[in-house]
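Colleague: I am new to this one. Could you walk me through how to read it?

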Amino acid sequence: MSLPVFVHPGPFGGGPVTLSGPEGRHAVSVKRIVAGEQILLIDGHGTHATVTVTATRGKDELTGEVEEWGVDKQPRPRVTVVQALPKAERSELAVDLATQAGADAIVPWQAERCVAKWTGPKAAKGVAKWEAAAAAAAKQSRRTRIPEIHEPLTTGQVAEFIAGRTALVLHEESATPLREIDLDVDELVLIVGPEGGIGADELARLGATTVKLGPEVLRTASAAMVALSAIGVLTDRW
């Protein structure tokens, strides 16, 4: 059985370690971790430690001894998902699924056909929700790296962001299957459009290569997960 995972800033050298705050409360009060049990601590950047709990205090703190620790290798290629803003009910689901499938970073994209609009205070609130969704999904899927959530970008800003990088747009009208793309690169940007699709003008402004995953048209919330799975098989990521 997998060990329960909690986020800790580290470092994880020899000796005791203390988990407190919201993560400590989740461990002690929700998961009801007690002395003698083992947990897995991650710093969100690849470092992890197996810890034997020695004591708990109150409702939100535990201490333990680090049994072993290490750093997971960064997958290659590193994949950044540029995700067009889904409707509210699918927004955090898109982040959850992309995180489970291994996204290394996620960029919210205010595409022209997005129904959802992140303006003013909604942008900061949206980023915070995506960060929470990414952290929860990373722990659930036993990842040691939590995807970085960027600030939302417009189409023009996305074009600037991908300049000089290998960038692929998932597009149902593309004649090029993903398997024909050279994925032997250090970094890859995967662009997922909105529910209404990407218009021809907007696609031209992005200037990225279009690819097709398969015969089915995928929902915007699940497209990144499917693409990441295919990339995992076609490269050394998996």
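**Reading the model, feature by feature**

Modeller: Start with Asp186, which is exposed, with a relative accessible area of 58%. Keep in mind throughout that this is a predicted model.

Colleague: Which residue forms a salt bridge with Asp186?

Modeller: Arg76 does, and the closest N and O atoms are 2.7 Å apart. Arg76 lies in the loop between β5 (61-71) and β6 (78-84), and Asp186 in the loop between β9 (166-170) and β10 (187-192), so the pair ties together parts that are 110 residues apart in sequence. Arg76 is partly exposed, at 38% relative accessible area. There is also a network of salt bridges here, linking Arg76, Asp184 and Asp186.

Colleague: How many salt bridges does the count come to?

Modeller: The count comes to 8 salt bridges. Take the one between Arg205 and Glu112, with its closest N and O atoms 2.7 Å apart. Arg205 sits in helix α5 (residues 200-206), and Glu112 in the loop between β7 (105-109) and α3 (121-140), so this pair ties together parts that are 93 residues apart in sequence. Arg205 is partly exposed, with a relative accessible area of 45%. Glu112 also counts as partly exposed, at 47%.

Colleague: What about Arg57 and Glu61?

Modeller: Their side chains meet in a salt bridge, at 3.1 Å from N to O. Arg57 is partly exposed, at 42% relative accessibility. Glu61 is partly exposed too, with a relative accessible area of 25%.

Colleague: Now the domains. Where does the chain divide?

Modeller: Domain 1 covers 5-71 and domain 2 covers 78-234. Their C-alpha centres lie 32 Å apart.

Colleague: How do I read the interface between them?

Modeller: First the general idea. The size of an interface is often given as the accessible area lost when the parts come together. Now the case here. Domain 1 and domain 2 bury about 710 Å² between them, with 63% of it on carbon and sulfur atoms. Of the area that domain 1 buries against domain 2, 53% is supplied by Val5, Ile42 and Gly44, more than by any other three residues.

Colleague: How many residues are in contact on each side?

Modeller: On the domain 1 side there are 10, in contact with 6 residues of domain 2.

Colleague: And which salt bridge joins Glu23 to a partner?

Modeller: Glu23 forms a salt bridge with Lys139, the closest N and O atoms being 2.9 Å apart. Between domain 1 and domain 2 the count is 1 salt bridge. The polar contacts between the two domains come to 5 residue pairs, both residues at pLDDT 80 or more. On the side of domain 1 that touches domain 2, strand β1 (residues 5-7) gives the largest share, 3 residues. That side divides into 4 nonpolar, 4 polar and 2 charged residues.

Colleague: Next, a helix. How do I think about which residues point inward?

Modeller: An α-helix has 3.6 residues a turn, so residues three or four places apart point the same way. With that in mind, look at helix α2 (residues 88-100). Its buried residues are Arg90, Ser91, Ala94, Val95, Leu97, Ala98 and Thr99.

Colleague: What covers the buried residues of α2?

Modeller: The cover includes β6, β7, α3, β8 (148-149) and α6 (220-234). After α2 comes Gly102, whose phi is positive, near 110 degrees.

Colleague: What does Arg90 touch?

Modeller: Arg90 lies in helix α2. Not counting residues up to four places away in sequence, Arg90 touches Glu195, Arg219 and Ala221. As for Leu228, 138 residues from Arg90 along the chain, the C-alpha atoms of the two are separated by 18 Å.

Colleague: One last residue. Is Asp104 buried or exposed?

Modeller: Asp104 is buried, with a relative accessible area of 7%; the cut-off for buried is under 20%. Asp104 is placed in the loop between α2 and β7.

Colleague: Which polar partners does Asp104 have?

Modeller: A polar atom of the Asp104 side chain lies 2.8 Å from the backbone nitrogen of Val79. The side chains of Asp104 and Arg237 are joined by a polar contact of 3.0 Å. Beyond its neighbours within four places in sequence, Asp104 has contacts that include Gln74, Pro75, Arg143 and Glu148.

Methods
Residues numbered from 1 in each chain as written. Predicted model: local features only at pLDDT ≥ 70, side-chain atom pairs only at ≥ 80, totals over all residues. Heavy atoms only, no water. Domains from an automatic or database assignment. Contact = heavy atoms within 4.5 Å. Buried area = accessible area lost by both parts, 1.4 Å probe. Salt bridge = Lys/Arg side-chain N within 4 Å of Asp/Glu carboxyl O. Polar contact = N/O pair within 3.5 Å; in protein donor to acceptor, adjacent residues only side chain to side chain. Helix = DSSP H or I, 4+ residues; strand = E, 2+ residues; numbered from the N terminus. Nonpolar A, V, L, I, M, F, W, Y, C, P; charged D, E, K, R; others polar. Buried < 20%, exposed > 50% of the residue type's maximum accessible area, 1.4 Å probe, protein only.
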